Amino acid sequence: MARGVSALAAISLAVPGLALAHGVAQGDASYLQSLRGVHVFPLMYLGAKHMVTGYDHLLFLAGVMFFLHRLRDVATYATLFAIGHSTTLLLGVLGGVHANAYLVDAIIGLSVVYKALENIGAFKRMGLNINSRVAVLLFGFAHGFGLSTKLQELELSRDGLLGNIVSFNVGVELGQILALTFILLAFQLWRRSRSFQHGAYAVNVIIMSAGFVLFGYQIAGYFIAANRVLHS
């Protein structure tokens, strides 16, 4: 149990503040807005940085990988998430597809809740048969859309935008590989301990609670923003 909580705590501490779940740090935002032309490697770095410091991504991936043992299953779910994330990231920034950032991030919070509930067997007890692969793909769309809404808030130059966004997306996927390596190693070490079977339920409850916090934070932000617009 202790190892599982420690692993989850390490993931959760990857970023300093709740508001940055899908946000872009001020320095990174200024850099992105100053770009003209294609800058492959800096954008790959920023993409990887986004993934390995995005604790909403990490919590969801931790939930997805929690009980996976076969490499083929790991690769399948990681690929589905990557396809979903990449599709909406590119569509949002390059295609101009817009959505309310608070509501998208609220769905991302629910994705964390969903995976934790599935891991503790809640859906089976309710008689629900949810295709987990389809769910991971759909929630991957939400995770990619979450970042695209933040990038849409920036004044990005059209000069080199395609190459830069593609490079950024490649970096995101490289960051996912790095994050998955850490998550899988942590779980592999924990599974060798007798505490895994006893602690798995508790850790998934913690993951679920974190998802509800993310959801509540974003829903509150949505209504606060709507109230400001109403009274402006």
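**Reading helix packing and burial**

Me: Are α2 and α3 roughly parallel or antiparallel to each other?
Reply: α2 and α3 are roughly antiparallel to each other. Angles under 35 degrees count as roughly parallel, over 145 as roughly antiparallel, 65 to 115 as roughly perpendicular and the rest as oblique. Here, helix α2 (residues 26-34) and helix α3 (residues 40-53) pack at about 150°, their axes 12 Å apart. Axes are fitted to C-alpha atoms, for helices over the stretch in contact; angles run from 0 to 180 degrees between N-to-C directions. Helices are DSSP runs (H or I, at least four residues), as are strands (E, at least two), numbered from the N terminus.

The model is predicted: local features need pLDDT of at least 70, side-chain atom pairs count only at 80 or more, and totals for chains, interfaces and linings use all residues. Numbering starts from 1 along each chain as its sequence is written, and side-chain values use heavy atoms, with hydrogens and water left out.

Me: Which residues make the contact of α2 with α3?
Reply: Contact means heavy atoms within 4.5 Å. α2 supplies Asp28, Tyr31 and Leu32, while α3 supplies Pro42, Leu43, Leu46 and Lys49. By class, that is 5 nonpolar, no polar and 2 charged residues. Ala, Val, Leu, Ile, Met, Phe, Trp, Tyr, Cys and Pro count as nonpolar, Asp, Glu, Lys and Arg as charged, the others, Gly among them, as polar.

Me: At what angle do helix α4 and helix α10 cross?
Reply: Helix α4 (residues 55-65) and helix α10 (residues 195-230) cross at roughly 145°, with axes coming within 10 Å. Tyr55, Asp56 and Leu59 in α4 meet Ile207, Ala210 and Leu214 in α10. This contact has 5 nonpolar, no polar and 1 charged residues.

Me: How many residues of α4 are buried?
Reply: Buried means under 20% relative accessible area, exposed over 50%, partly exposed in between (1.4 Å probe, protein chains only). In α4, 11 of the 11 residues are buried, so α4 is largely enclosed by the rest of the structure. Among them are His57, Phe60 and Gly63.

Me: Is serine 167 buried or exposed?
Reply: Serine 167 is buried, because its relative accessibility is 6%. Serine 167 sits in helix α9 (residues 161-191). Beyond neighbours within four places in sequence, serine 167 contacts Val40, Leu43 and Met44.

Me: Which element has the lowest mean pLDDT?
Reply: pLDDT is the predictor's confidence in each residue, from 0 to 100. Helix α1 (residues 2-12) is lowest at 45, and helix α6 (residues 101-119) highest at 96. The protein chain averages 87, with 90% of the residues scoring at least 70.
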